[in-house]
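Keep the 3D view open as you read.

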Amino acid sequence: MEKKGRVFSGARPTGRQHLGNYLGAIRNYVALQDEYECVYCVVDLHALTTLEDTDKLKEWTREMVLDWLAAGMRPEETIIFVQSHVPQVTELHTILSMVTPLGWLTRLPTFKEKVRQQPDNVNYGLVGYPVLMAADIALYKADTVPVGIDQAPHLEFTREIVRRFNHLFGPVLVEPQAKHTDFPKVLGIDGVNKMSKSLNNHIEISASPEEIWQRVRMMVTDPARRYRHDPGHPEVCNVFTLHGFFSPAQVRQIEVDCRSAAIGCVECKKIFARNLSDYFAPFRERRARFAADPDYVWDVLADGARRARAIASQVIDEVKRAVGLP
Ligand code: TRP
């Protein structure tokens, strides 16, 4: 089939993925393979801008890629690779940095946020984070970039820098479009904050049925529902929101039964935990199979890097020629 174009996306290696990663990104990465030529990258260099501790990078890369593969990424078609395995990206980063006004970078809301988060570690790489991201995308001439809405400023930056490069040196690079997912923010088991590993309010998609139940049990539901016979308010309950995705056949009945207090939160959570566990059962089975071979993930990534380098080395040559490097 003729593909629509090339997708590129990157994710920092964060280990085992959770429901937020799955609903917000991974599901979409998998679906895009049908229509686009896809390139998916573990951005380990980007991870260095915020990590104090780097000894988890390898393990977290493997765990994340196992989740990607088990979720349905197809390495025979899709290029799956580790950013640092294709060193041309650092060359393009350097070249793009020369046409990036510093003010563009320091004004970005994402940069200001990081400065707030880690005031003692405002490193040079952190300022250049969006330049490296632009290099990621431009190096593969990707035209479509699936990212969360939080990345919109970075995508806008990428478009500007590509336009500027092309204006100065000729039409070499491709200006990409962001493709934002429509899935709303997934809240953690605290029912308040966005699901994230760092807040430890997450549910891993590779969790066993027992582990799923341990996490689901702790989920915060409607705070106004203090007793079993109190009527519930599904519209403010995170368990209910997630039923919408994992319990499509039951969600209407659950809504009625919650409002009338026909079911309690424990029962509602049991249904949710079971559906969640069933939904990911084939995933767990595939993941176990891939994980049984200690080389499998690294073989996939080595092959991905080889294919990525074939594209990257051509584009970097074009870029250098356009800039006039001897
Ligand atoms: N900045 C992205 C994030 O934090 C990760 C990323 C790096 C990325 N390079 C990319 C995303 C290129 C899309 C395309 O989520």
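This is a predicted model: local features need pLDDT of at least 70, side-chain atom pairs count only at pLDDT 80 or more; totals for chains, interfaces and linings use all residues.

Six residues from domain 1 and five residues from domain 2 make up the contact. Between them, the two domains bury about 450 Å², and 86% of that is on carbon and sulfur atoms. On the domain 1 side, look for Leu 19, Tyr 22 and Leu 23: these lose the most area to domain 2, together accounting for 66% of what that side buries.

Now for the helices. Two packed helices are described by the angle between their axes and the distance between the axes.

Start with helix α4 (residues 88-97) and helix α14 (residues 296-323), whose axes come within 10 Å and cross at roughly 25°. Angles under 35 degrees count as roughly parallel, and α4 and α14 are therefore roughly parallel to each other. The crossing of α4 past α14 is left-handed. From α4, the residues involved are Gln 88, Glu 91, Leu 92 and Ile 95, and they meet a set in α14 that includes Arg 309, Ala 312, Ile 316 and Val 323. Sorted by class, this contact has six nonpolar, two polar and three charged residues.

Next, move to helix α12 (residues 265-279) and see how helix α9 (residues 209-217) packs on it: their axes come within 9 Å and cross at roughly 145°. This crossing of α9 and α12 is right-handed. On α9 you can pick out Pro 209, Ile 212, Trp 213, Val 216 and Arg 217, while the α12 side includes Val 266, Lys 270, Ala 273 and Ser 277. The class count for α9 with α12 comes to eight nonpolar, one polar and three charged residues.

Stay on α12 for the last pair. Helix α10 (residues 238-246) packs with α12 at an angle of about 35°, with the axes 10 Å apart, and the crossing of α10 and α12 is left-handed. Val 239, Leu 242, His 243, Phe 245 and Phe 246 of α10 make this contact with α12 residues including Cys 268, Ile 271, Asn 275 and Tyr 279. Here the tally is nine nonpolar, two polar and one charged residues.

Notes:
Residues are numbered from 1 along each chain as its sequence is written. Side-chain values use heavy atoms; hydrogens and water are left out. Axes are lines fitted to C-alpha atoms, for helices over the stretch in contact, and angles run from 0 to 180 degrees between N-to-C directions. Helices (H or I, at least four residues) and strands (E, at least two) are DSSP runs, numbered from the N terminus. Angles under 35 degrees count as roughly parallel, over 145 as roughly antiparallel, 65 to 115 as roughly perpendicular and the rest as oblique. A crossing is left-handed if the near helix is turned anticlockwise from the far one by less than a right angle, and right-handed if clockwise. Contact means heavy atoms within 4.5 Å. Ala, Val, Leu, Ile, Met, Phe, Trp, Tyr, Cys and Pro count as nonpolar, Asp, Glu, Lys and Arg as charged, and the others, Gly among them, as polar. Buried area is the accessible area (1.4 Å probe) that two parts lose on being put together, summed over both.
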